[in-house]
Amino acid sequence: MKQRNTTPPRIAQKLLLRFLRADLAEEVLGDLDEKFYQSLKEKHPFRAKANYWFQVLNYARPFAIRRSTRNLTHYDMYQTYFKIGWRNLLRQKMYSIIKIGGFAFGIAVCLLISLYIKDELSYDQNLINHQRVFRIYAEFEDNGTVQRDTWWHAPFASTLKIDYPEVEDAARINAVPLFGAGSKEFRRAEIPDNSYDDGFVYADASILKLLEIPMVYGSTEALNAPKTIVLSRRKAEKYFPHENPIGKLVVLNNDDKNPFTVAGVMEDRPSNSHFQYDFLITLKNFEFWPGEGTSWCCTNYQTYVLLKPDTDPRAFQEKVTRGTIQKYILPQLIKDGVPNPEELLKKAQLGLQPIADIHLDSHIKDGLSHADRKTILIFGGIALFVLVIACINFINLSTAKSANRAREVGIRKVVGSVRQDLIQQFLTESMIVSLLAFLLGLLLAALLMPSFNTLVAKSLSIPYFDWHALAIFVLAIFGVGLVAGLYPSFFLSHFKPIEVMKGSLSKGSKGSNLRGALVVFQFTISIVLIVGTLVISQQMNFVLNQKIGFVKDQVLILQGTGTLDKQIESFKNELKDLPSVQSVTVSDYLPVKGTKRNGNTFRNKDTQKEERGIFGQNWVVDVDYVKTMGMQLVAGRNFDERIASDSAGAIINQAMARQLNLSDPVGKVITNGREYTVLGVVEDFHFETMRQNVEPLMMRLGKSASMMAIKLQSPHMTQAIDEITGKWNKFSPHQPIRYSFLDESYAAMYDDVHRTRQIFTAFSLVAIAIACLGLFALSAFMIEQRTKEIGIRLVLGASVTSVFRLLTFNFLLLVFISIIVATPIAWYLMSRWLQDFAYRVELSAGVFVLAGLSAVAVALGTVGYQSWRAGLMRPVESLRSE
């Protein structure tokens, strides 16, 4: 087709002329026009123009591009900057290694902690509707103390869906060990051997949909039938390898009469979810006791809600508080005969906890393990300060060696360099250091990752191929390089040629107020970290060695004994006959985490009409419990199986006696709906962590048989365990023995404190090491600058000791200033940290003295070695050039 009026695109021609070399322009334009008109004869004008554009862009190559003299100069200049910077790094190897090495360690620490913090802050963020999903908690006042917990009544979830149109869905879970959640014996119905497993929870069918749990087999309606169970993928693969388990029968706790049907398999829960369960047992048509499903008497369920879009959570919270309290809770309290129920509920309210906040909200009781916001802030501060310490090394060494660069700056200014070019030169050197440090830091982080994962109990990894992470890495390289290099660049580029040629800058470079301030900052941070490590270690030792009210040593906890059923007493008696066993008790209620708890409201019978009661624990034990646990009776007597009335008796702790105002508690009657006569009072013992005060507690006789505690008296622990195992295999041949030790379980309650101590210790050492690297290099350079002065002093009769004192005094003075600055900061921070513990150590002056002496010793060792060597130097060597 012939298009006579069509011409080549003008914009393309103008663009070509802008970047094309002048000597090629006429020839190239002629060729392109010829090709264009030839193409126009054969193709549509649109295709001919598109082809012309393609040819224009094809000429945008280095050989054809026209560069201005200014651009060419900039290109060559940056190339020169890079060469000069690289040569400087190679020329001063020790200082380069310290700069890059310190940077790399700081970057590695910062990267590791950043990954940890990112993981902690990412919990439950993967839900599409996470901004609309809440867990409901209650806030109330108990004896003047504000309490928050997540336990609700059985009909609460269904009531929310009926009474409040703002609720799109609601679901309950029961994770209370008292009702069988947590750990169970599990097996396929056709297999006789049991396996112990944990991660069991009772749940409504709607929980799968509400929490957006993806299914491998089955649907989110899987729990909608009675006697059904949903397994996680890993558990399904464990018990039903390479098969679809839907429809298969399983048996829990050896109860063959009540098997469950596998109705679905869900994906394994991600590690950054608070909902870490592997077995979901349906609550469909299920009650833990007759009438429980419609009763507002007891609180055993956690309740989640999904609000409809555009619902105001705050307004809904106020609405549901008023409606639930007035319509359901207040009538129940009146029915129960609670005195002054209106006054009791006056300050009570319901709260909505966003699902993404659950992991970090440790102030709400829910039985889960939580991270601590304070700890995350502390770790974030450590990461930042370690990186800042590394940047300070760069700044100090760059400015300290200013005399060595002064002549270069002076000459370049004389021959025409402007300050902007010099700043660009020094910033380029800083970027080179930053790039090398980041590459080395990534390598260090990768090497340290396995140890760090062990330290923080996570499975973190470096996201090498995540473009968000890559973008952050690139920005961080330029950002850190800019921050670290900005001051040295302006400092070095301001030198005046006349001063340089006179040599007047050499003296000024020996001392700098800024360098001194930065050294003070480095050691201030290091001392704060040392104090933190010492205080956390003291608190850890305190909680592990403090008198706790029971004897935790040589007590073996035997688990899964509930499957022995009627044989449990015979098994207990045979264990008691073993020479290695001192005593045995059967009870699921033990003073360590992961065992049963049962909270009730207690009242003094004599004053129950006037007093509203106190909240306390109701434990079921046997007659040997107090003896086996080594508890001390401070009043009254222990249970006696020969006295029938002891079945209605109770032993309480001192906290319950105090809070019920029982000055002489033995013989008094207390009630929690049932009446119990107080037989004895035991000394308060810690059954939760020392973050909490000891709560009121009552022990009564009964059966709670899934655990057994065995007090051993044999020095040969292995032999004792073998004897117990032999008895176990006799009574339960199809169930492997499971046991732990009470002291280990008690220590595990403080794993988070132990982990914090380890992290503080590790990063304190890193911070101190980086600070010392900088101090070592700085002192080496200062001594190098004063070599002739030292030689003259030695010739004039100065002793090695006086030279040593001369060279170390200024550095030690900076460390003493750091101690003065760090002490109030460390005291404030550690006082705040200790406030989380109801029982804690007192901050003593000894901790700060020890931290200060440690810092002085480290600084003296770092500077002292070089100072002593300088004092031993032969004067002839330093004065040879004179």
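Visitor: Which residue stands opposite isoleucine 281 in E10?

Guide: Tyrosine 202 does. Strands are DSSP runs of E with at least two residues, helices are runs of H or I with at least four, and both are numbered from the N terminus. This is a predicted model, in which local features need pLDDT of at least 70 and side-chain atom pairs count only at pLDDT 80 or more, while totals for chains, interfaces and linings use all residues. Residues are numbered from 1 along each chain as its sequence is written, and side-chain values use heavy atoms, leaving out hydrogens and water.

Visitor: Which strands are joined to E10 by bridges, and how do they run?

Guide: Two strands pair if DSSP finds at least two bridges between them. E5 (residues 195-203) runs parallel to E10, with 4 bridges; E7 (residues 228-232) runs antiparallel to E10, with 3 bridges. Isoleucine 229 has isoleucine 281 as its bridge partner in E10.

Visitor: Are the faces of E10 covered or open?

Guide: In a regular strand, side chains alternate between the two faces of the sheet. Here both faces of E10 (residues 279-282) are covered: Phe279 and Ile281 on one side, Leu280 and Thr282 on the other, are all buried (under 20% relative accessible area; exposed is over 50%, partly exposed in between, with a 1.4 Å probe and protein chains only).

Visitor: Why does valine 821 count as partly exposed?

Guide: Because its relative accessibility is 36%. Valine 821 lies in helix H25 (residues 800-834).

Visitor: What does the chain average in pLDDT?

Guide: pLDDT is the predictor's confidence in each residue, from 0 to 100. The chain averages 84, and 89% of the residues score at least 70. Over residues 63-72 pLDDT is below 50, yet the stretch has 17 contacts beyond near neighbours in sequence (heavy atoms within 4.5 Å).
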